[in-house]
Amino acid sequence: MWPDLIKKAKEGGLDAIETYVFWNVHEPQRRQYDFTGNLDIVRFIKTIQQEGLYSVVRIGPYVCAEWNYGGFPVWLHNMPGIEFRTANNVYMNEMQNFTTLIVDMLRKEKLFASQGGPIILAQIENEYGNVMSSYGDAGKAYINWCANMADSLHIGVPWLMCQQTDAPQPMIETCNGFYCDSYTPKNPTSPKMWTENWTGWFKSWGGKDPYRTTEDLAYSVARFFQRGGTFQNYYMYHGGTNFGRTAGGPYITTSYDYNAPLDEYGNLNQPKWGHLKQLHSVLKSMEKTLTYGNISTLDFGSSVAATIYATDEASSCFLGNANETSDATINFQDADYVIPAWSVSILPDCKTVAFNTAKVNTQTSVMIKKPNEANSSILEWMWRPEFTHDTIVRGKGQIVANRIVDQKEMASDASDYLWYMTSVNLGKDDAMWSNNMTLRVHGSGQILHSYVNGKYIGSQWAKYNIFNHVFEKEVKLSPGHNKIVILSATVGLQNYGPMFDLTQAGVPGPVEIVGHKGDETIIKDLSSNKWSYKIGLNGLDNQLFNPDCKRVKWSMDNVPVNRNLTWYKASFKAPLGTDPVVVDLLGLGKGEAWINGHSIGRYWPSFIADEQGCSDAVCDYRGSYNGDKCVSNCGQPTQRYYHVPRSFLNEDVNTIVLFEEFGGNPSQVDFQPVVVGSACATVSEGNTVELSCHGRPISGVRFASLGNPQGVCGAFEKTSCDSDKDVVSIVEDQCVGKESCSFKVSQDVFGSPNCFDAPINRLAVEVSC
């Protein structure tokens, strides 16, 4: 997908691609490195260079990014004497080794701008200023060490430190956030730079779908440059997918769409992509004036201001209205201008408005999932159980310890799954024996499944930002020997916060048997028992996900449903064409999915999003954005569809393998291409309409009206203010049968609306694809 994504980014008006470097995937075991396939960072940066773009490399090596463990390899956590992100020699030696490795690799390929390459900036550390106070003087010593270490590598381009107020010289501090127009660097010689403009927000299991409006995002960009900004990066321009076990959190979803200008599958997210493209074009037309001009500001009051950039040759102007409710009419340089609330008008010549952030003229694309024409019937499934006799029944593991061990320490993140197994002997004469006994497990907020004497007794999990819970269920114990088994399943490791690396995973304990006798409770703590541990699953050890695996047999008889710890396998044909593909996993519980041996990530369609907080009203772009504003998908599966890259698919027969942890029904699993179903635009008279079905022909015109049409895409309505011509027929002549069409909105073509009090006529149009 790299060349296509990078090409679309360039077409959208970007100058550079910014990327993290993920330590945990490049050094999965200490001093064992992987830069193959999609991990080939040199090839990625050369692909950027081939498209004529620059690159910004954020080495970190802490990255956050809602990525598993913030990008740290878990073996690092298990090194004796280590403390992360502070003045600790063990940690700093490892960080310096990895940072130097990356720099030397890029320098060898002559990829820094000082060598004629595309890399114009690099970053060390990441948002440390947000947490530095928790580390005291050692934190200050550490950030100074980071600066000196980075500077000593002599890469010939500047180093950044984001969210690092008063960064040590020569590091350049930068801003991250939804808005950075008010940000001023502590060092007066530092440029005003924005390394993360959050184009939307991430999603967690049980959470709702975030949505940041096109108008607000464009406003944040224009206002930043109005107020002296020099560099702005979108986080994310393309968010993509957390394949495999890369999602962090815990409880970050497999989708990392982020409501970005390029969606999870690589499609243009319209109108966001197109509106920003127009903004970028206007800003670039003013580049010389913005770079060299003297800046002056006129304050009109009520949060309205004009900013003038002037050189001896030319002037360019911004008119900004930060009022959240009221439009503003001002007289500027002997001309009147109306500035909508929460918007910026850009005048490259200080006379004519070329762009307003609140007036979106680009098309809105409505994406749909089409039926898979290559598969004529439902999939035929095979299955086999996860072999659990040794664990659930016998309590037999690989490692023994006389304590409860943190899952990061025991499993080193080799798997989501860790079995905790112990036994307890009880007699009827034991003081705690009663007819009312419970198993109480203090968990870390991750998933746990509990078994007593080979029988399943229950499961429990939490959600994003909850790091502990208590599981307690009634149990029937037998006099004598009893087996207690807990299966822990992580859903990503903590990735943010001070000392986040110390957040426990798995079962921190205590684990207790509680006897209830009337008002009296007697507790037997099993935490210091002899515990046996097994990392992972037998199916993973035997690579059941690998289509070439011949070691085990699958059954097509009596395929079970709603059975936990079960493997499923089926063959399918890929959807025809080249459109992006998703697999619909509705009906399943929770687990992991593989396509031809490639993990497409964790799935969890049974986790329903919160039912409160959504609204059917059109989202008001005005006012500051946050992740809870304008959410959708309440009461629906958090994530139903999962991305299957075309590069994972064969032309003929493909294999899907599921590990179903909770229990579900695979009969509804379906592969579908994602296409543009319809395209809409609302464009003011005098402007140009551009409509595209992106590779498919426009098949019809569902709506078209010139005048004062109301509503939104998919629900447009005519008003009494409407053209005297058949606008639908005119648009049909212009567009139907074509992949794209373009025409100017004028009364000469579309007729005269029968109203005279409208300030400006608008054409609303919706076409089907």
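**Reading a sheet and a helix pair**

Visitor: In which order do the four strands of the open sheet lie, and is the pairing parallel or antiparallel?

Guide: Strands pair if DSSP finds at least two bridges between them. Here, four strands make up an open sheet ordered 22-19-24-25, with antiparallel pairing. Strands (E, at least two residues) and helices (H or I, at least four) are DSSP runs, numbered from the N terminus. The model is predicted: local features need pLDDT of at least 70 and side-chain atom pairs 80 or more, while totals for chains, interfaces and linings use all residues. Residues are numbered from 1 along each chain as its sequence is written, and side-chain values use heavy atoms, without hydrogens and water.

Visitor: Which strands are at the edges?

Guide: Strand 22 (469-475) and strand 25 (520-525) each pair on one side only. From one strand to the next, the twist averages 25 degrees. Seven bridges join strand 22 to strand 19 (residues 437-443) in the antiparallel sense, and Arg-440 stands opposite Glu-472 in strand 22.

Visitor: At what angle do helix 5 and helix 6 pack?

Guide: Axes are lines fitted to C-alpha atoms, for helices over the stretch in contact, and angles run from 0 to 180 degrees between N-to-C directions. Helix 5 (residues 89-108) packs against helix 6 (residues 136-151) at about 25 degrees, the axes being 12 Å apart. Helix 5 and helix 6 are therefore roughly parallel (an angle under 35 degrees).

Visitor: Which residues make the contact?

Guide: Contact means heavy atoms within 4.5 Å. Helix 5 contributes Tyr-91, Met-92, Met-95, Gln-96 and Thr-99, and helix 6 contributes Tyr-142, Trp-145, Cys-146 and Met-149.

Note on methods. Parallel < 35°, antiparallel > 145°, perpendicular 65-115°, else oblique.
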